Amino acid sequence: GEGGAEDPYLMGQLGTAWTRGLQQGDPEIAREAASQYTLVAVTLTHFDANSLEDSDGFTRHTVDVNVSRQLLTDSYWPAFRAPIREAGALGVMCSYNAVNGLPACASPVMKAAREAWGFQGYVTSDTDSVADVWRAHRYKRTAEEASCVALREGGTDVDSGNTYYHSLLSGIRSGRCSISDVDRALFNT
């Protein structure tokens, strides 16, 4: 319905207001501090097409959401695009699920949003959703491959888990990704 909770543009407006309020604070009180320091970094969660917990034998870890570009653009992305463009949200969390065959943390969509939406912040995984790239979705065969594809192709700067910790260095040593990929990720965080 018009203006209802399911309205994606309303969700974008809500996300923008929350982002402004949290990251920028009250302009009358914190004008000087807000201009010099980032006090809070808003992280917009569960990018992309995440709307399943457990149904018909699928979980948020195993589902591959098949969705058109139009539906992504019109229904899922407004809640992310508006807070990034209009309020400078500094973080995005990729979700556990896959979208059209690509695990969210390994998908180049968020990397493309950096340019298209002017996103200048960091991308973090949901709690070790980088592991889902190889364990649950079987998109890659090893943790090293999953780490490197998430870092390089997906633009996932931070693994909120242990996969990067245990496997990223061996992925770099094997040539699946490089230290320049790590440098880029560190620059974003």
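Three strands form an open sheet in the order β1-β5-β8, with parallel pairing; strands are DSSP runs of E of at least two residues and helices runs of H or I of at least four, numbered from the N terminus, and two strands pair if DSSP finds at least two bridges between them. Because β1 and β8 stand at the edges with a single partner strand each, one side of each is left without a neighbour in the sheet. The model is predicted, so that local features need pLDDT of at least 70 and side-chain atom pairs count only at pLDDT 80 or more, while totals for chains, interfaces and linings use all residues. Residues are numbered from 1 along each chain as its sequence is written, and side-chain values use heavy atoms, leaving out hydrogens and water.

Strand β5 pairs with β8 in the parallel sense over four bridges, and valine 92 stands opposite valine 123 in β8.

| β1 | 43–47 |
| β8 | 122–125 |

Elsewhere, tryptophan 18 lies in helix α1 (residues 8–24), and at 55% relative accessibility this tryptophan 18 counts as exposed, where exposed means over 50% relative accessible area, buried under 20%, and partly exposed in between (1.4 Å probe, protein chains only).

In helix α7 (residues 143–152), eight of the ten residues are buried, so α7 is largely enclosed by the rest of the structure. Among these buried residues are Glu145, Cys148 and Leu151. The buried residues of α7 pack against α6 (129–134), α8 (163–173) and α9 (179–188), contact being heavy atoms within 4.5 Å.
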